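My entries are kept in the order in which I went through them.

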Amino acid sequence: MQWVKVLGGMVGATALLGLGIILGHFAIPKGANVPAPSVSQDLDLEILETVMQQLDASRIRENLRELSREPHLASSPRDEALVQLLLQRWQDPESGLDAAEAPAYEVLLSFPSQEQPNLVAVVSPTGSVVFSCRQSEQNLTGEQAGPDVVPPYAAYAPPGTPQGLLVYANRGTEEDFMNLQTQGIKLEGTIALTRYGGAGRGAKAVNAAKYGVAGVLVYTDPADINDGQSSANETFPNSWRLPPSGVERGSYYEYFGDPLTPYLPANPSSFRLDPDAAPGFPPIPAQPIGFDDAKILLCNLQGPTAPAAWQGALGCDYRLGPGFRSDGDFPAGSQVNVSVHNRRELRNSSNVLGIIRGAVEPDRYVLYGNHRDSWVHGAVDPSSGTAVLLELSRVLGTLLKKGTWRPRRSIVFASWGAEEFGLIGSTEFTEEFFSKLQERTVAYINVDISVFANATLRAQGTPPVQSVIFAATKQIPAPSPVGLSIYDNWIRYSNRSSPAYGVVPSLGSLGAGSDYAPFIHFLGVSSMDIAYTYDRSKTSARIYPTYHTAFDTFGYVDKFVDPGFSSHQAVARTAGSVLLRLSDSLFLPLNVSDYGETLRSFLQAAQQNLGGLLEQHSISLGRLVTAVEKFEAAAAALEQHRSVLQKGSPDPLQVRMLNDQLMLLERTFLNPRAFPEERYYSHVLWAPRTSSVATFPGLANACSQAMNTSLGSEAWAEVRRQLSILVVALEGAAATLRPVADL
């Protein structure tokens, strides 16, 4: 790959280097106009302030206008046009980067058939169609009816035309279907109407199929997205709320990465699974619909009244079915037909990579990524993030071309392809360069949706990145209220009590919702996700209302989400400050002691909620307690060592060794055999947790499975295995933090 040029030469044999330590494997191009590299260079606060001042809200706005002007579904002509736009920006002679390229992968995507549109209809006992759901969203702003607007569909849902009585299955969790079955409702051969939330898209179809359901419909209930508002005059374009015809598109594939090349990059020569036998696809046809159509179906159901927790905001009592009531809008005995004609195709999808080579440690990479593809216009998701990415890279590129700045470490900007289909571009990248990235990546910064709304910052990440995000946000003014920093404003909306720091903003944990997933779960790279979001006290919306619909347009952002684009600018400044601190600081601003707080809270939760159960089966948490204590001691000693080095004139090798300990800590929590049933999930602290106990996921999940089994069962053996995996990981983490000469 061209962005890493291996030269094997030494970087700057200065007096401080002495023995000529080899710090990098690729170097700055000859003739590049850059400041003379110094091994002792640290974060330049003047450069940082210059970048903060030059990040321009109006330029971000114009970026977004251009990016969201047309729909850009992955691999579409407009998506490829945006590839060229990014390349043009990053190759600009006045504001470009050192290098830019757009490698493509051949991946399996899923599209609705243009010849046979998907259709949901109510069919009378005589076979006549008495009602049809909309096949497209209402054209409210002139942007919803264009030829490139993909109709609502469930990506990767198989083709089929199941027909049966309708049942209402709430959120489509396994417990929901079990509840229906317990009430004596026959599910075999039915069509299940479910609402978004509670379970992943694909999981709804998987759960339904286990109970014999033939097809699944999914809608967004206004109770979950609109704070109960559903009429046309209360929704877009009159407010930011989802209009009645809005339909959330999405991928129903259960894993991430290209479906046919797990753990291998999707290059033409790679081995591919048989598409008909590949796991992770929905087992039955599925189709999303708008809540105006869902209301007609749901409000005509017969059967028992749904539980209170299952009720929504469609203006009627939700019933369970099966089938429609005789005094409703449809003839007695009418059924629902779901006709799905999706097709799967191998398509080329490109990532775009822009590189700024480091002056001192070019073999250490700070990655900053955002996906490019969208379901329709995608102004919020993901173009708000791409608009920020382009502005930040413009400002840094301009400084680079003027010769006034070059980072200590290399910066890689990434525009990922086909994220909406399952984090495909980023996953293929991590698969192709697994070893190199594990050896050299300092951290990954993700800015997918940069602005959900304009109330406060929302940051998620692994514990070591907390300190650098806090440091950045304390120095940047909040868009509002005037006089507060982003940090001070953030703490007003979301905070926690820290034993070490007192009250601090809450840093969320990372799941698998965006391109950080392969970096944290597969590579073990310290990662974060940064955005501005809404005031949770004023809305219960699970996400911004027009998510994945044809109403997520530039006008929607400009009028409702962030008028003036001050929140976009705030995110650009926050992410830019974090990026500069990670790429320019002499010592990496990662605080490993902050992991101790997480481990201690997990341990306390395990002791309080699982300790008694484990004791009944003669399983002691003693070794886990000792492992946590070892980690805390090693982390504190390392931080003390860093403090001593910072006060003196450290030898470059000492700096390098300590930084490597900080960088590699996250890798020590990986165990690729810990969760064999979970593809790509290797991180023993952040794997998916199905248990309600907020503790170590492997241990919690195993205890949940073993709870009602007999002593000596395989389930209890798995509890012991997970406990051992955890102890070994924590002891390994502590060993990584201890002085490097100690074995």
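The entries below start with the ground rules and then go region by region.

**Ground rules.** I am working on a predicted model, in which local features need pLDDT of at least 70 and side-chain atom pairs count only at pLDDT 80 or more, while totals for chains, interfaces and linings use all residues. I number residues from 1 along each chain as its sequence is written, and side-chain values use heavy atoms, with hydrogens and water left out.

**Open sheet.** I took helices (H or I, at least four residues) and strands (E, at least two) as DSSP runs, numbered from the N terminus. I count two strands as paired if DSSP finds at least two bridges between them. I found an open sheet of 4 strands in the order β4-β3-β12-β6, with antiparallel pairing. Its edge strands are β4 (129-132) and β6 (163-164), each of which pairs on one side only.

**Strand β3.** I looked up β3 (residues 119-123) against β12 (residues 335-339) and found antiparallel pairing over 5 bridges. Within that pair, V122 has V336 of β12 as its bridge partner. On the β4 side, β3 pairs in the antiparallel sense over 3 bridges, and A121 stands opposite S132 of β4. The hairpin of β3 and β4 has 5 residues between the strands, and G127 there takes a positive phi near 95°. I use buried for under 20% relative accessible area, exposed for over 50% and partly exposed for in between (1.4 Å probe, protein chains only). β3 is largely enclosed by the rest of the structure, because 4 of its 5 residues are buried.

**Strands β15 and β16.** I checked cover on β15 (residues 361-371) and found 11 of its 11 residues buried. β15 pairs with β16 (residues 409-416) in the parallel sense over 8 bridges. L367 has V412 of β16 as its bridge partner.

**Core.** Which residues touch the most other members of the largest nonpolar core? They are F413 and F421, in a core of 230 residues. By nonpolar core I mean a set of buried Ala, Val, Leu, Ile, Met, Phe, Trp, Tyr and Cys residues joined through side-chain atoms within 4.5 Å. I then listed contacts (heavy atoms within 4.5 Å). Leaving aside neighbours within four places in sequence, F413 is in contact with residues including W90, L97, V352, Y368, L389 and L579. In soluble globular proteins, nonpolar side chains tend to be buried together.

**Second largest pocket.** I ran a 1 Å grid over the protein atoms alone; a pocket is an open set of points where a 1.4 Å probe fits, with protein on both sides within 12 Å along at least five of seven lines, and lining residues have an atom within 4 Å of a point. The second largest pocket holds about 680 Å³ of space. Of its 36 lining residues, the closest to its centre are P112, Q114, V149, V150 and P151. The elements that give two or more residues to this lining are α3 (77-90), β3, β11 (286-288) and β13 (343-350).

**Backbone angles.** Most residues other than glycine have a negative phi, and most peptide bonds are trans. I noted a cis bond from G321 to P322, with omega near 5°; P322 sits in the loop between α7 (291-298) and β12. Another cis bond joins S480 and P481, with omega about -5°, and P481 is in the loop between α11 (466-474) and α12 (486-493). L423, in the loop between β16 and α9 (424-432), has a positive phi near 55°. L423 counts as buried at 5% relative accessibility. H548 also has a positive phi, about 65°, although it is not a glycine. H548 lies in the loop between β21 (527-533) and α14 (554-561) and is buried, with a relative accessible area of 5%.

**R581.** Is R581 buried or exposed? R581 counts as buried, at 12% relative accessibility, and belongs to helix α15 (residues 566-584). Not counting residues up to four places away in sequence, R581 touches L43, L48, V468, A471, A472, Q475 and P589. I read a C-alpha separation of 8.3 Å between R581 and A472, which are 109 residues apart along the chain.

Conventions: Points joined across faces, edges and corners; volume = space filled by probe spheres on them.
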